[in-house]
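Colleague: Can you walk me through this one? I'd like the fold and the contact between the chains.
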Amino acid sequence: MSNEFGYIPESPEQSFGNNKGIFTPKDIYDLTRADKYTNYGQLELIETKTASADSQIIFDDIKQDIYNVHFLTVTNFSPSVNQRNLSVRFFENGVEEAGSVYQYAQQYVGSNGAVAEQKSTGAGALRTTNSVGDAVNRVGNGYSYFYNLGDSTKYSFQTYMNDTIDQTNVFYGIFGSGVLPQASVVDQIKLYVSSGTFDCSLSLYGIKEYS
Amino acid sequence: MATNLEFIKSVEVTSSTSSVDIDNVFTDKYDVYYLSLTNFQTVGTTQTRIRLRFIDSTGTVVTGSTYDYAYLQMDSIRAFADIKNTNKTFLDYNLIDKAPTGAGLISYIYNPYSASSYTFSSWQNVSVWQAGALELRGTKGIGVEKTAQSIRGFQIYETDTRPFDKAKISVYGVKG
């Protein structure tokens with residue numbers, strides 16, 4: 001790759017948000033690869049997956065070496081079995097962590113006035129969407145942020161918010177956080193239900209950072 | 001083609017400090033900003049709280065008793081707690097601990113640059129800390145700085161004399 005970009009007046013220093021000069025297509029290509037070309041749009045889609053009567057969906061190329069923060073959207077989660085969560089497990093260097101090692105804490109608020117805290121220090125999974133009914137139009141939607149998945153020196157964290165409708169037509173809003181308290185590289189994310197199957201759309205994004 | 005997050009600035013902490021200023025990031029280009037705070041860790045072995053204060057249009061940190069906030073604190077062992085305060089000198093953002101914990105926080109800042117409105121914040125964060133058993137702590141909160149003034153940046157700091165030596169703070173504009 002050339003070290004010279006922009007030729008007015010002569011090869012000025014280039015960085016994101018501070019490009020100067022006139023660029024050839026090759027300059028733009030090389031600068032983009034070097035993360036030095038200003039190109040806005042830092043919420044970058046990694047992959048969208050659609051579940052249709054699946055028991056699990058695995059994102060197996062999450063680009064954890066590029067993104068320190070991931071963003072996951074869950075749209076129209078619909079389980080085949082009543083009151084199922086859409087759960088999350090991480091893979092560490094290709095191996096699924098299925099032990100009772102996850103911690104979470106969440107608050108839910110129901111349209112019937114119910115308010116409760118739920119928590120665990122020995123869960124077998126994290127959550128993205130909670131306890132959705134299996135009748136028609138009972139769906140859950142939500143989002144999660146994941147932090148430090150690719151950092152072998154840090155724990156892997158999650159914050160999330162979602163809404164659900166249960167079998168009796170009570171609407172719930174839920175927000176919470178979770179952690180896999182193990183310093184490791186997480187390279188895959190699994191979404192699954194504990195029994196039956198589910199339908200939904202899942203989109204995983206990376207939030208681009210720069211030095 | 002721009003999408004709805006546009007990178008503005010990133011600051012990385014690589015040595016011991018008790019405060020870091022992220023200045024000249026709020027402009028008239030956006031009304032809403034997205035902040036990402038990751039990888040915080042304390043120098044010592046005792047946890048500390050990290051807080052946020054704004055920087056006004058002259059570059060001065062806003063240290064008056066003009067901040068209100070409220071959040072739900074959700075722990076994986078102890079009972080949840082409602083925390084709320086008025087007329088404080090900061091927004092209470094997060095609890096951090098020693099390595100290898102790290103932490104994650106996202107926050108939205110609303111109307112900072114407008115001189116005719118207050119500056120609002122909402123946030124959600126997660127960390128772990130240890131005072132006995134290792135425990136998850138998450139919070140979901142809201143806050144406001146109650147002065148109609150133009151804000152151009154912010155400061156992240158701690159006051160427990162337990163500095164942090166690792167952190168990454170990134171600021172994005174949310175494209176309207």
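Modeller: The chat below goes through the architecture, a few strands, the core and the interface.

Modeller: Some ground rules come before that. This is a predicted model: local features need pLDDT of at least 70, side-chain atom pairs count only at pLDDT 80 or more, and totals for chains, interfaces and linings use all residues. Residues are numbered from 1 along each chain as its sequence is written, while chains are lettered from A and ligands numbered from 1 in the order in which they are written.

Colleague: Fine. How many helices and strands are in chain A?

Modeller: Chain A has one helix and 13 strands. Helices (H or I, at least four residues) and strands (E, at least two) are DSSP runs, numbered from the N terminus.

Colleague: Which domains does chain A have?

Modeller: Domain 1 covers 1-40 and domain 2 covers 43-207 of chain A. Those bounds come from an automatic or database domain assignment. The centres of the two domains, taken over C-alpha atoms, are 40 Å apart.

Colleague: And what does the C-alpha trace of chain A span?

Modeller: About 70 × 35 × 30 Å along its principal axes.

Colleague: What share of chain A counts as buried?

Modeller: 42% of its 211 residues. Buried means 20 or more other C-beta atoms within 10 Å of the residue's own; exposed means 12 or fewer, partly exposed is in between, and C-beta atoms are placed from the backbone.

Colleague: New topic. Why is S13(A) largely enclosed?

Modeller: Seven of the ten residues of S13(A), residues 198-207, are buried, so the rest of the structure largely encloses this strand.

Colleague: Which sense does S13(A) pair in with S1(A)?

Modeller: Antiparallel, over nine bridges, with S1(A) at residues 43-54. Two strands pair if DSSP finds at least two bridges between them. Thr48(A) sits opposite Ser203(A) there. S13(A) also pairs with S3(A), residues 69-79, antiparallel over nine bridges. In that pairing Val69(A) has Ile207(A) as its bridge partner.

Colleague: What about S6(A) and S7(A), what do they form?

Modeller: A hairpin with four residues between the strands. Gly113(A) in the turn has a positive phi of about 95°. S6(A) (102-110) and S7(A) (115-123) share seven antiparallel bridges, and Tyr102(A) faces Ala123(A). S6(A) also pairs antiparallel with S11(A), residues 171-180, over eight bridges. Tyr104(A) is opposite Gly178(A) in that pair.

Colleague: Now the core. Which residues touch the most other members of the largest one?

Modeller: Of its 81 residues, Val179(A), Leu202(A), Tyr33(B), Leu35(B), Phe40(B), Val171(B) and Tyr172(B) do. A nonpolar core is a set of buried Ala, Val, Leu, Ile, Met, Phe, Trp, Tyr and Cys residues joined through C-beta atoms within 7 Å. S13(A) gives the most to this core, six residues.

Colleague: What is Phe40(B) in contact with?

Modeller: Leaving aside neighbours within four places in sequence, its contacts include Ile50(B), Ile96(B) and Phe164(B). Contact means that C-beta atoms, placed from the backbone, lie within 7 Å.

Colleague: Last one. How many residues does each chain give to the contact?

Modeller: Chain B gives 36 residues and chain A gives 38. On the chain B side, S1(B) supplies the largest share, five residues. That side divides into 17 nonpolar, 14 polar and five charged residues. Here Ala, Val, Leu, Ile, Met, Phe, Trp, Tyr, Cys and Pro count as nonpolar, Asp, Glu, Lys and Arg as charged, and the others, Gly among them, as polar.

Methods:
Contact = placed C-beta atoms within 7 Å.
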